[in-house]
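Here is a short walk through the salt bridges of one structure. Keep the chain in view as you read.

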Amino acid sequence: MTHGITGTRRASVAATVALTASAVIASAAFASTAQAATPAVPKIVASGGFVMNDGTAKALYSKAADTRRATGSTAKIMTARVVLAQKNLNLDSKVTIQKAYSDYIVSKGASSARLIVGDKVTVRQLLYGLMLPSGCDAAYALADKFGSGTTRAARVKSFIGKMNASAKSLGLKNTHFDSFDGISNGSNYSTPRDLTKIASSTMKNSTFRSIVKTKSTKQKVTTKSGGYRYMSWTNTNKLLSTYSGMIGVKTGSGANAKYCLVFAATRSGRTVIGAVLASTSETTRTSDVKKLLDYGFKK
């Protein structure tokens with residue numbers, strides 16, 4: 001009788017131990033799965049970064065996202081936004097390239113679309129020249145065309161005013177432009193979060209989307225004598241060729257800005273958009289962006 005009770009107790013204890021062990025194993029497996037499902041937050045070289053889900057505007061990553069920094073040519077996203085927001089815009093209207101635009105490029109040592117004085121270039125072509133080779137001459141031509149005033153200086157000032165008004169309309173409190181191309185005159189700044197919002201809004205325009213995803217283009221322009229020439233432009237955003245799903249948007253660099261990129265990519269119908277400011281080189285900028293996009297798609 002005593003032996004029977006002892007055997008039963010032993011069986012009960014063994015069953016309890018087995019159940020407990022199973023629970024521990026199951027719990028560990030669950031914890032392991034949960035841990036695997038949460039991607040490690042990436043470390044980037046850039047001084048500032050921000051990433052969000054473009055569909056929901058949910059922030060996915062943030063590093064000094066609201067710290068004001070020089071924008072470099074990422075400011076040209078706003079240049080394009082202002083142009084594309086013009087009422088009754090005719091993208092095929094032609095602009096005659098002025099000597100002032102080429103003189104400006106030379107004086108600033110600025111990036112260029114290599115526009116030729118006297119050529120007649122359409123607004124659409126100027127936007128390609130602005131966004132692909134990051135032409136500051138194209139930016140100047142657009143500011144001169146779409147600003148208001150009787151002098152070129154007045155028109156440029158007016159256009160920059162429109163850039164700031166557009167930023168204000170988006171509710172941005174940490175962005176200010178003092179040039180049409182991002183070459184700062186002392187008070188040109190934005191933040192990773194603000195630039196992401198500017199890009200997200202501008203990417204809703206189909207013309208802009210089409211331009212910034214273009215790797216290279218050959219455009220036929222009218223010469224001063226009435227003939228024509230072809231302009232070939234290659235996109236400075238090399239991630240269009242090296243990152244699957246990349247759809248834009250704009251590189252930037254400069255002594256103060258260092259290396260910047262506002263970026264967007266789409267995978268499986270989901271778009272992740274963001275910005276990095278002040279990375280240390282083109283190589284680290286590329287690495288930073290790839291890390292952030294990979295992380296964004298896993299979140």
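Asp 103 is partly exposed, with a relative accessibility of 37%. Buried means under 20% relative accessible area, exposed over 50%, and partly exposed in between (1.4 Å probe, protein chains only). This is a predicted model: local features need pLDDT of at least 70, side-chain atom pairs count only at pLDDT 80 or more, and totals for chains, interfaces and linings use all residues. Residues are numbered from 1 along each chain as its sequence is written, and side-chain values use heavy atoms, leaving out hydrogens and water.

Asp 103 has a partner, Lys 99. Their side chains form a salt bridge, 2.9 Å from N to O. The term means a side-chain nitrogen of Lys or Arg within 4 Å of a carboxyl oxygen of Asp or Glu. Both residues sit in helix H3 (residues 99-108), four residues apart, so about one helical turn separates them. Helices (H or I, at least four residues) and strands (E, at least two) are DSSP runs, numbered from the N terminus. Lys 99 is exposed, at 53%.

Now look further apart. Arg 229 and Asp 119 meet in a salt bridge at 2.7 Å, N to O. This pair links distant parts of the chain, 110 residues apart: Arg 229 is in strand S6 (residues 228-234), and Asp 119 is in the loop between H3 and strand S4 (120-122). Asp 119 is buried, at 2%, whereas Arg 229 is partly exposed, at 29%.

How many salt bridges are there by this rule? The count is seven. Among the residues involved, Asp 144, Arg 152 and Arg 155 are linked in a network.
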